[in-house]
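Thank you all for making the time this morning.

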Amino acid sequence: MTIQRMDNVGIVVEDLDAAVAFFTELGMESQGRMRIDEDWAGRVVGLKGMHSEIEMMAIPGAPGRLELTKYHTPEPVTPTPAVPAANTKGVHRVMFAVDDLEDTLARLRPHGGELIGEVSRFEDSFLLCYLRGPSGIIIGLAEQLS
């Protein structure tokens, strides 16, 4: 038995519209929004009385998606500290390859994108950076140089 594919990465957000705008500016497209109120979903995630809204985002022509989730009930839990350090255990970041790193940063800043460290060069291969977006989401950006 082998794994078939990775379908999506789920990210809990405070403001679904802001997160969708951020990832749309990055170049992703919405595949639709839906409300999830069914008991089966609460049983899957282990939350009683769960009511949420999700929006699936995809990179045009590429596999895999982001599932952005806004929980209405129960209330979302904020980690301590609210903005975890880069070495916090758990899901760290989602990395995206981009054509022009500086242009991407400029487009994401008005949508809450904030550079965490600095843009750094890895040999003659890549420009790399980490960026914090809505709800504290951390993404990585990589521009291939050669």
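Let me start with the cut-offs: a residue is called buried under 20% relative accessible area, exposed over 50%, and partly exposed in between. Please also keep in mind that this is a predicted model.

With those limits, Leu47, whose relative accessible area is 31%, counts as partly exposed because that value falls in the middle range. Leu47 sits in the loop that runs between helix H2, residues 39–45, and strand E3, residues 51–58.

Now to helix H1, residues 16–26, where the buried residues are Leu16, Ala19, Val20, Phe22, Phe23 and Leu26. They cover an arc of only 160° around the axis, and therefore they lie on the same side of H1. Just after the helix comes Gly27, which takes a positive phi of about 120°.

My last stop is Thr69, which belongs to strand E4, residues 65–73. Is Thr69 buried or exposed? Its relative accessibility is 7%, so Thr69 counts as buried. The side chain of Thr69 makes a polar contact of 3.4 Å with that of Glu67. If we set aside neighbours within four places in sequence, Thr69 is in contact with Ile11, Val12, Val13, Leu16, Ser52, Glu53 and Ile54; Leu16, you will recall, is one of the buried residues of H1.

Key: Residues numbered from 1 in each chain as written. Predicted model: local features only at pLDDT ≥ 70, side-chain atom pairs only at ≥ 80, totals over all residues. Heavy atoms only, no water. Buried < 20%, exposed > 50% of the residue type's maximum accessible area, 1.4 Å probe, protein only. Helix = DSSP H or I, 4+ residues; strand = E, 2+ residues; numbered from the N terminus. Arc of directions from axis to C-beta. Polar contact = N/O pair within 3.5 Å; in protein donor to acceptor, adjacent residues only side chain to side chain. Contact = heavy atoms within 4.5 Å.
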